[in-house]
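Here is a short briefing to keep beside the sequence and the 3D view.

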Amino acid sequence: MSKTKTSYFCQNCGAESVKWQGKCPSCNEWNTLVEEIVTKTSKTGFTRSSADGKNAKAIPIGEIGQQEQSRLAIYDGELSRVLGGGIVPGSLVLFGGEPGIGKSTLMLQLALMLKGFKVIYVSGEESEQQIRMRAERIGITNEQCFILTETNTQNILQQLQQLQAGLVIIDSIQTLHTSTIESSPGSVSQVRECAAELLRYAKESGTPVFIIGHITKEGSLAGPKVLEHMVDTVLQFEGDRNHVYRLLRTTKNRFGSTNELGIYEMQGNGLREVRNPSEILITQRESATSGVAIAASMEGNRPLLIETQALVSSAAYGTPQRSSTGYDLRRLNMLLAVLEKRCGFRLGIKDVFLNIAGGIKVEDPGIDLALVCAILSSNEEIPLSQHITFAGEVGLTGEIRPVTRIEQRIAEAEKLGFKKIYISAYNKKGMNASSHSIEVVSVSKMEDLFQKLFS
Ligand code: TYD
Ligand code: MG
């Protein structure tokens, strides 16, 4: 029997250390080293060394045979686009998201929708019956979809070899354990070794493998960062669990752009692709209401018209409150300071609440202008027309700064029937505004915009 040996692993970067230290010497994070049992029977690590005696030789890049990598076409248009156009054979994809967001649902849906080859869904979290029930809820039947409830990677790999599946889904990496290491499932060394074994399988057999991974409270994928380095693609599933919309993003993609965005709606029978997100994110109202402005925003490569809502009221209690949903609170405070200092609005004594409709989180600075207009509209109690939209960033001096991909934003607004779009004067330079049926108004300062809108 091998002697039990322990080692300390950083939960953040996965670095190994022989003794405990307060600070990880490799990533400088504090209190991240945790003792784990390791019994090394084989060498760990994910390097693909040629242990079989064949030494790899360097060859000129031009002489490498161009092997047409035919991607697996999938029926899920959103996922396909986010992956860069289908699934690359032999790729390892890490799929992360908070608990209950719908990771298992999306992956099972993918497994059920694929036709023509075997798909194996390995679950260490749910029983066969539970998965069956979920599949019934989704309402798709597929004879070629196999379910395996197993957590030992050696057994899983054996089954995979037997089944010769065309796609493998692992739910989730934190429940797996390998017999080569003794520490408990979910620990850094286990997660890393299991992922390394799956990586080896994917590359050797050419089978694409999807791994579901949990997310920690801080929002990063639980388990070491090395996991993200090992895989080819990292997908993130985000959204507010209490809302129906879910956003699918890539934070890393070796086979495509990381700018793509997929949007889903959680329904009673699974996740439905949302093809026209802008139309859903804007509430159709009978009459205009104050405190609402529409932003022509971009999420990655995708133009999105988003409704921003603000409520400004006199502070009922001593300290005014600022609260924001779906938008960075610090940035809101900055915008309020700009309005106070540069434009003379006394918002310091007011409560300000902000909300991005649909429960989505926006990081695009181009949404600033709409937010400021929503705040002013609520403050002045003057509704804005429902047919206007905004795209611009607000700078510290109250200037309206240009935003990226302005043409795409304008085109989307035009498509949705907006009559007018306010953009930065810098964006308008060199643009052929007459080619649009929508009126493009350029503004350079907050004061000008205020004059144009509210007087
Ligand atoms: P799940 O896929 O289990 O999340 P994860 O694997 O990321 O933890 O999704 C769980 C939620 O999805 C659950 O709260 C119920 C909801 N749901 C639906 O609304 N409709 C459905 O058809 C399914 C299968 C789940
Ligand atoms: Mg799950």
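An open sheet of seven strands runs in the order β15-β16-β14-β13-β17-β20-β21, with mixed pairing. Strands pair here if DSSP finds at least two bridges between them. Helices (H or I, at least four residues) and strands (E, at least two) are DSSP runs numbered from the N terminus. Please keep in mind that this is a predicted model: local features need pLDDT of at least 70, side-chain atom pairs count only at pLDDT 80 or more, and totals for chains, interfaces and linings use all residues. Residues are numbered from 1 along each chain as its sequence is written, chains are lettered from A and ligands numbered from 1 in the order in which they are written, and side-chain values use heavy atoms, leaving out hydrogens and water.

**The sheet and its helix**

- At the edges sit β15 (322-325) and β21 (439-443), each of which pairs on one side only.
- From one strand to the next, the twist averages 25°.
- Strands β13 (residues 292-299) and β14 (residues 302-314) run antiparallel and are joined by eight bridges.
- Look for M298, whose bridge partner in β14 is P303.
- Helix α12 (residues 446-454) lies across β17 (388-391), β20 (420-424) and β21, at about 135° to β21. Axes are lines fitted to C-alpha atoms, for helices over the stretch in contact (heavy atoms within 4.5 Å), and angles run from 0 to 180 degrees between N-to-C directions.

**Salt bridges**

- The structure holds 18 salt bridges, each a side-chain nitrogen of Lys or Arg within 4 Å of a carboxyl oxygen of Asp or Glu.
- In helix α3 (residues 128-138), R132 and E136 lie four residues apart, about one turn of the helix. Their side chains meet in a salt bridge (3.1 Å, N to O), and both residues are exposed. Exposed means over 50% relative accessible area, buried under 20%, and partly exposed in between (1.4 Å probe, protein chains only).
- R331 and E393 also meet through their side chains (3.7 Å, N to O). R331 lies in helix α8 (residues 329-343) and E393 in strand β18 (residues 393-394), so the pair ties together parts 62 residues apart in sequence.
- R409 forms a salt bridge with D364, with the closest N and O atoms 2.8 Å apart. The pair links helix α10 (residues 406-415) to the loop between β16 (350-356) and α9 (368-380), 45 residues apart.
- R409 is buried at 1% relative accessibility, and D364 is buried at 10%.
- Salt bridges with shared partners join R331, D368, E393, E399 and R401 into one network.
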